[in-house]
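Reader: I want to learn how to read charged pairs and helix faces in a model. Can we take them one at a time?

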Amino acid sequence: MASKLSVAVLLLCIGVCVARNSDFSIVGYSEEDLSSHDRLIELFEKWLAKHQKAYASFEEKLHRFEVFKDNLKLIDEINREVTSYWLGLNEFADLTHDEFKAAYLGLSPPPARRSSSRSFRYEDVSAHDLPKEVDWRKKGAVTDVKNQGQCGSCWAFSTVAAVEGINAIVTGNLTALSEQELIDCSVDGNSGCNGGMMDYAFSYIASSGGLHTEEAYPYLMEEGSCGDGKKSESEAVSISGYEDVPAKDEQALIKALAHQPISVAIEASGRHFQFYSGVSTTFSV
């Protein structure tokens with residue numbers, strides 16, 4: 001029988017979830033690398049080796065080197081200007097920003113939603129009763145970082161992370177669930193690797209009987225037919241529904257987060273996010 005749970009959802013902006021649990025590697029650079037063409041070539045070759053990159057032709061490699069140089073120029077300029085975060089030569093350093101956006105940004109915001117008449121479930125929680133801090137990773141409610149690959153499926157990853165979290169809180173078991181099932185099967189309002197919205201994905205989980213495990217329905221980084229990717233039968237984790245945190249209400253966000261992990265999307269269409277690393281202190285709700 002599927003476990004019935006309840007999930008709170010926060011929707012912010014246009015989102016991206018591109019981190020890879022096996023590849024947070026950043027190739028460092030120095031001022032000397034920027035001083036000569038030969039040093040830039042050496043740095044590019046080092047980056048290619050680090051990320052095991054290869055190109056179909058020498059002409060393509062020359063083109064990617066020019067893109068790499070342009071990206072490095074931006075990275076260095078921003079790192080000199082800001083201190084709240086830093087940019088680095090990650091695996092996306094040979095992509096133009098348009099290529100990066102086309103491959104990795106996948107939230108599809110719906111038309112403006114009508115205000116809900118339902119009350120916020122944590123409305124009456126006193127600020128004095130809230131913890132000074134909460135880290136759901138330390139409480140065992142967050143799985144390892146996952147990688148969406150070249151598929152605009154950030155909406156599925158955000159949805160799954162919230163369900164994994166509340167399931168761990170309720171049952172005591174942290175289980176990785178299937179983003180692929182959402183990509184293949186949650187098609188009412190969502191478009192697989194071409195974007196989607198967490199609200200629609202939560203509705204699918206609540207109405208379909210639940211979401212299978214990642215092991216039973218593994219991630220392919222591409223769209224498939226619903227059910228075809230499922231390797232075995234397994235117990236599904238379900239939810240009874242979902243709820244949006246009131247917009248532009250920081251206290252409501254804090255109250256929700258104190259009780260469970262929440263689903264978020266981040267405005268990541270700016271060029272900085274392509275090379276982003278660290279923790280920024282400059283964002284606002």
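Author: This is a predicted model. Start with Arg271, which is partly exposed, with a relative accessible area of 27%.

Reader: Which salt bridge does Arg271 form?

Author: The side chain of Arg271 meets that of Asp70 at 2.9 Å, N to O. Arg271 sits in the loop between helix H7 and strand S4, and Asp70 in helix H2, so the pair ties together parts 201 residues apart in sequence. Asp70 counts as partly exposed because its relative accessibility is 40%.

Reader: How many salt bridges does the structure hold?

Author: The structure holds 13. Among them, Glu164 pairs with Lys146, with the closest N and O atoms 2.7 Å apart. Glu164 is in helix H4 and Lys146 in the loop between H3 and H4, so parts 18 residues apart in sequence are tied together.

Reader: Are Glu164 and Lys146 buried or exposed?

Author: Both are buried. Now take Asp33 and Arg39, which form a salt bridge at 3.0 Å, N to O. Asp33 is buried, at 10% relative accessible area. Arg39 is partly exposed, at 30%.

Reader: Which residues are linked in a network of salt bridges?

Author: Glu60, Arg64 and Glu99.

Reader: Now helix faces. Why do residues three or four places apart point the same way in an α-helix?

Author: An α-helix has 3.6 residues a turn, so residues at that spacing point the same way. In helix H6, residues 198–208, the buried residues are Met198, Asp199, Ala201, Phe202, Tyr204 and Ile205.

Reader: What follows H6?

Author: Gly209, with a positive phi near 100°.

Terms used: Residues are numbered from 1 along each chain as its sequence is written. This is a predicted model: local features need pLDDT of at least 70, side-chain atom pairs count only at pLDDT 80 or more; totals for chains, interfaces and linings use all residues. Side-chain values use heavy atoms; hydrogens and water are left out. Buried means under 20% relative accessible area, exposed over 50%, partly exposed in between (1.4 Å probe, protein chains only). Helices (H or I, at least four residues) and strands (E, at least two) are DSSP runs, numbered from the N terminus. A salt bridge is a side-chain nitrogen of Lys or Arg within 4 Å of a carboxyl oxygen of Asp or Glu.
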